[in-house]
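Here is a short briefing on one protein chain.

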Amino acid sequence: MAENGTRWYAVHTISGKENKVKDSIEQELQSNDSLLKPYITQVKSPCEKILKQSADGKKKTEKDKILFPGYVFIEAMYTKELPSLMRDNIPYVLGFMGNVATKEPGPLSEAEVRRLLGYETNQMVLEDSEISFQKGETVKVVSDPFNGFSGVIDDVDDEKKKLKVMVKIFGRDTTVELSFSQVERE
């Protein structure tokens, strides 16, 4: 729990509209006559960057993938008015997650908050795609610590999306295990 009396809550939204809800809340908080400003301090909609490669492995595109579809998280000082203020002023908000019997929103636990805030990384994830590599193919490493090195594929594990690549390090062939996202075809 924050020192200012706020807690984190899960706000149920229409699936696919999470970023619009987040943006609407942030715009509302910037407004001088905001009804939500006294209550809400932060808004999060955790997502991860997905790196998608074309079938030939040369073209890469990036997109955001929402980690919790249908939910936006707010740090707020809860009052009985807050759920109706959210539904009335923010499009696509369905309500707060909480206790079904009492119909009262329940704050997230400390462990859930740590997990939620732990998603604040810029880590790239390779999306499942039709990319496949073959033994004997030459690839270039595009991530640290072997960035810029070239090597020949010695083994391919399509299921785990891993490669064993023979790379020359200090004049010797060394086997390095890399994921599909760490290499590109030469």
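Two residues are in contact when heavy atoms lie within 4.5 Å. By that criterion, among contacts in the protein chain between residues at least 6 apart in sequence, 59% join residues at least 24 apart. The model is predicted.

**Overall make-up**
- The protein chain holds 3 helices and 14 strands.
- Of its 186 residues, 33% count as buried.
- Its accessible surface comes to about 11400 Å². Carbon and sulfur atoms account for 48% of that surface.

**Helix H1**
- H1 spans residues 18–30, which makes 13 residues.
- From first C-alpha to last, H1 reaches 19 Å, close to the 18 Å expected at 1.5 Å a residue.
- Glu18, Val21, Ser24, Ile25, Glu28 and Leu29 are buried in H1.
- Seen down the axis of H1, these buried residues fall within an arc of 135 degrees, so they line one face of the helix.
- An α-helix has 3.6 residues a turn, so residues three or four places apart point the same way.
- Gln27 and Gln30 are exposed, on the face of H1 turned away from its buried side.

**What covers H1**
- Strands are part of the cover over the buried residues of H1, including E1 (7–13), E2 (40–44), E4 (60–66), E5 (71–76) and E6 (93–96).
- Helix H2 (82–89) is also included in that cover.

**Strand E1 and its partners**
- In E1, 5 of the 7 residues are buried, so E1 is largely enclosed by the rest of the structure.
- E1 and E5 run antiparallel and are joined by 6 bridges. Histidine 12 has tyrosine 71 of E5 as its bridge partner.
- E1 also pairs with E6 in the antiparallel sense, over 3 bridges. There, threonine 13 has valine 93 of E6 as its bridge partner.

- E12 (residues 162–169) pairs with E13 in the antiparallel sense over 8 bridges.
- Lysine 168 has aspartate 173 of E13 as its bridge partner.
- In a regular strand the side chains alternate between the two faces of the sheet.

Notes:
Residues numbered from 1 in each chain as written. Predicted model: local features only at pLDDT ≥ 70, side-chain atom pairs only at ≥ 80, totals over all residues. Heavy atoms only, no water. Pairing = 2+ DSSP bridges. Helix = DSSP H or I, 4+ residues; strand = E, 2+ residues; numbered from the N terminus. Buried < 20%, exposed > 50% of the residue type's maximum accessible area, 1.4 Å probe, protein only. Areas by Shrake-Rupley, 256 points an atom, 1.4 Å probe, with all protein chains shown as cover. Expected span 1.5 Å × (residues − 1). Arc of directions from axis to C-beta.
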